[in-house]
Amino acid sequence: MTAMDLDSRRQRAWHLRERYPFAQQMLGVYVAVVEVWGSLENELPPPGELASWAGEKMLPGVVKATEAAAPQPLAVATHDLARSGRAVEVLAGWLAGQELGPAERFLARACLQAPLEALREEAGTACAADPAPRGGRHCPRCGGLPQLSIRAGADDPLVRGQRQLSCARCAHRWQYSASSCPSCGESTGARRTVYAEKHDGPVVSRTADGGTELFAHLSIDACATCQRYLIDVDSGRDARAVPEVDELVALPLDLYANEQGLSKVTPNLMGF
């Protein structure tokens, strides 16, 4: 992860904090974690020993940042987990694709995402213990699940652009069919639904000045077959979007999806 990547995420997070007051604390935690990532910007971790390396290099800063910025329940859970002596085991489990509890998953992602991004192609070596397939609906590098869907801008505003999926584990992006479910592969149009926000719809966020601001570039890409969804970020509608940051402010969309009986393919860093 380069200094430019970190700076763009940081700046976008601060910008979104101004627009979406309900997300201020969540984005504050994210910025605090990004600062920890930046502190080790020029140090490349060993792929085969990533869990123990992150336990030494990343864990102390992540715990300190979480205690300073996060809601008390998350801060306490993270602190207790770090003191339990299980932290490196948890990090290794996440790299191996194990199911983790919310606090464990947060700690693992906060400690490991930046090193995995820095490793690029070698992220697969760090996640070699994960038996998940590579490619298709899984990340071709590390086998991770998709975190979100990204659409490129299209010349015709009525046509949705080409699609990429972004890995929840190493943030690698890969091409994926715009007409297939990223969770189960369903391609029947009648089984797939896009929920986009409307002025008279149930999902409207309020700006600091009391006006209404639609998530014009964010939508819910849902599948009736598996009852899963992803947040879809359309960069053609907002060229300033930083997808993984913008997804954090889609909480009202996540809540609406849950009301429809849908569950996310994988929660984001903050557990939504």
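**A walk through the fold**

Tutor: Happy to! Of the 272 residues in the protein chain, 51% are buried. Keep in mind that this is a predicted model.

Student: How many helices and strands does the protein chain have?

Tutor: There are ten helices and nine strands in the protein chain.

Student: And what share of the contacts comes from residues 24 or more positions apart?

Tutor: Counting contacts with a separation of 6 or more, 60% are between residues 24 or more positions apart.

Student: OK, inside now. Which residues have the most contacts inside the largest nonpolar core?

Tutor: Those are C111, L112 and L116, in a core of 74 residues. Helix 2 (residues 24-39) gives the largest share of this core, with ten residues. As a general point, nonpolar side chains tend to be buried together in soluble globular proteins.

Student: Let's stay with L116. What does L116 touch?

Tutor: Leaving aside residues up to four places away in sequence, L116 touches L50, W94, L95, A123, A126, C127, R169 and C170.

Student: Switching to the strands: is strand 1 enclosed or open?

Tutor: Strand 1, residues 146-151, is largely enclosed by the rest of the structure, because six of its six residues are buried.

Student: Which sense does strand 1 pair in with strand 2?

Tutor: Antiparallel, over five bridges. R151 stands opposite R163 in strand 2.

Student: And how many bridges join strand 1 to strand 8?

Tutor: Three, and these two strands run parallel. Here S149 stands opposite D232 in strand 8.

Student: Where is A171, then?

Tutor: A171 lies in the loop between strand 2 (163-167) and strand 3 (173-175). A171 has a relative accessible area of 18%, so it counts as buried, the cut-off being under 20%.

Student: And Q227, what is its phi near?

Tutor: Phi of Q227 is near 60°, again a positive value in a residue other than glycine. Q227 is in the loop between strand 7 (218-223) and strand 8 (228-234).

Student: How exposed is Q227?

Tutor: Q227 is partly exposed, with a relative accessible area of 32%.

Notes
Residues numbered from 1 in each chain as written. Predicted model: local features only at pLDDT ≥ 70, side-chain atom pairs only at ≥ 80, totals over all residues. Heavy atoms only, no water. Helix = DSSP H or I, 4+ residues; strand = E, 2+ residues; numbered from the N terminus. Buried < 20%, exposed > 50% of the residue type's maximum accessible area, 1.4 Å probe, protein only. Contact = heavy atoms within 4.5 Å. Pairing = 2+ DSSP bridges. Core = buried A, V, L, I, M, F, W, Y, C linked by side-chain atoms within 4.5 Å.
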